[in-house]
Amino acid sequence: MLTLTGATVRFAGRAVLDAVDLDVAEHEIVCVLGPSGSGKSTLLRAVAGLQPLDGGRVLLGGADQAAVPVHRRGVGLMFQDHQLFPQRDVAGNVAFGLRMHGAPKSEQTARVEELLDLVGLPGAGRRAVSALSGGEQQRVALARALAPRPRLLMLDEPLGQLDRGLRERLVVELRRLFGTLGTTVLAVTHDQGEAFALADRIVVMRDGRIAQSGTPLDVWQAPADAFVARFLGFDNIVPATVAGAAATTVWGKIPVPDGAPQGERSLLVRPAGVRLAPSGDGLACRVTARTFRGTRVTVTLQPAEGPFLEAEFGLREAPEGGAEVDVVFEAEDVVVLGPSDT
Ligand SMILES: Nc1ncnc2c1ncn2[C@@H]1O[C@H](COP(=O)(O)OP(=O)(O)OP(=O)(O)O)[C@@H](O)[C@H]1O
């Protein structure tokens, strides 16, 4: 459906999009994740035709888009701030794209009603957009983007301004809606939770390049490198020299899973893989913080050397704040990451 090959955009000589290759299949929901300034919005703008490329190509349905203007690309766009027209009512906003395409009035009216039903706002056509809540405005913006049946829907931080509870509900609704409609989606967000809940595939960007692309499960289980792992919210990452079944780190020798890549690497230890050991049998640490998380407790451990460790224990076994404990590591919760700056 969408293919980018070597897509490059430079501002003042700096590559903000640096030879990006990306394929989005029909009906696929791809979420682009990355820190601020990594080039996510520029990527969307380049696909939409709002940002000319300095190199490479954008193909939609196999056709090069270099000479195709924005309104002929057949893409729907929805931005964080909705950009609804305040002087038009809900129906006027949803019909906008249909009017631009010259759809007859009767067809516009029927399609607007259909879309408002679809996004959970039946009969809201005559309401003023200024009188809607943030979540309702988001639904109107979505209905407007979907109305002309775009072959590709692009979302830029679609839930950015809404509160967390509403975002969590809407993201589930969006996924269900896109699944029902078979919409092909390219979405940009810096919220990992949102991306993981919405996407069939996650693309992590760093400095204008793709750092990793994979299913949510793949990316979660096996982050490509320390940058991706940190961006996904993992702590417990240290440089390591992996040889055979163990890695040498500032935290001592740590067992690694069978078949782990060897040599100079970064190592990630999941908090669940840190276990208490008898005194003198493991890495000696002091407990510096304890946080209750329902039935589990997250404990921060400071070893004599190296960064602190996050560990996760059951309520009964979690050590007290200030306690001196020894810990060992379970190989199954250790991930050997690619060679990378830690
Ligand atoms: N028109 C422009 N002129 C100059 N620099 C720009 C322009 N547009 C974007 N940039 C720069 O390009 C880089 C990438 O911007 P972009 O908006 O694509 O990042 P982003 O990943 O979407 O960030 P955010 O999450 O903050 O929206 C930034 O450093 C930004 O300052």
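Helices (H or I, at least four residues) and strands (E, at least two) are DSSP runs here, numbered from the N terminus. In those terms, Asn236 falls in the loop between helix H9 (226-231) and strand S11. The structure is a predicted model.

**Overall layout**

- Taken along the principal axes, the C-alpha atoms of the protein chain fill a box of roughly 80 × 45 × 35 Å.
- Of the 342 residues in the protein chain, 38% are buried.
- Contacts between residues at least 6 apart in sequence are joined in 65% of cases by residues at least 24 apart.

**Domains and their contact**

- Four residues from domain 1 and four residues from domain 2 make up the contact.
- On the side of domain 1 that touches domain 2, three residues are nonpolar, none is polar and one is charged.

- The residues around the ligand are Phe11, Val16, Gly34, Ser36, Gly37, Ser38, Gly39, Lys40, Ser41, Thr42 and His190.
- By class, this shell has two nonpolar, eight polar and one charged residues.
- H1 gives the most to the shell around the ligand, with three residues.
- Helix H1 spans residues 40-48, and seven of its nine residues are buried, so the helix is largely enclosed by the rest of the structure.
- Those buried residues are Lys40, Thr42, Leu43, Leu44, Ala46, Val47 and Ala48.
- Gly49 follows H1 and has a positive phi, near 95°.

**Nonpolar core**

- The largest nonpolar core has 94 residues, and those with the most contacts inside it are Cys31, Val47, Val94, Met154, Leu186 and Leu267.
- Helix H5 (residues 134-146) gives the most to this core, with six residues.
- The core lies between domain 1 (2-228) and domain 2 (235-337), because both give residues to it.
- In soluble globular proteins, nonpolar side chains tend to be buried together.
- Leaving aside neighbours within four places in sequence, Cys31 is in contact with Ala187, Thr189, Ala195, Leu198, Ala199 and Ile202.

**Strand pairing around S14**

- Strand S14 (residues 263-269) is mostly covered, with five of its seven residues buried.
- Strand S11 (residues 237-243) is joined to S14 by six bridges, and the two run antiparallel.
- Within this pairing, Ile237 has Leu268 in S14 as its bridge partner.
- S14 also pairs with strand S20 (residues 334-337), in the antiparallel sense and over four bridges.
- The bridge partner of Leu267 in S20 is Val336.

**Loop residues**

- Most residues other than glycine have a negative phi, and most peptide bonds are trans.
- His27 is not a glycine, yet its phi is positive, near 70°.
- The loop that holds His27 lies between strand S2 (14-24) and strand S3 (29-33).
- His27 has 14 other C-beta atoms within 10 Å, so it is partly exposed, the cut-offs being 20 or more for buried and 12 or fewer for exposed.
- Asn236 likewise has a positive phi in a residue other than glycine, near 60°.
- Asn236 counts as buried because it has 23 C-beta neighbours inside 10 Å.
- Glu317 sits in the loop between strand S18 (309-314) and strand S19 (324-329).
- With 10 other C-beta atoms within 10 Å, Glu317 is exposed.
- Glu317 and Arg296 are 21 residues apart along the chain, and their C-alpha atoms are separated by 9.7 Å.

Technical notes
Residues numbered from 1 in each chain as written. Contact = placed C-beta atoms within 7 Å. Nonpolar A, V, L, I, M, F, W, Y, C, P; charged D, E, K, R; others polar. Near = placed C-beta within 6 Å. Pairing = 2+ DSSP bridges. Core = buried A, V, L, I, M, F, W, Y, C linked by C-beta atoms within 7 Å. Domains from an automatic or database assignment.
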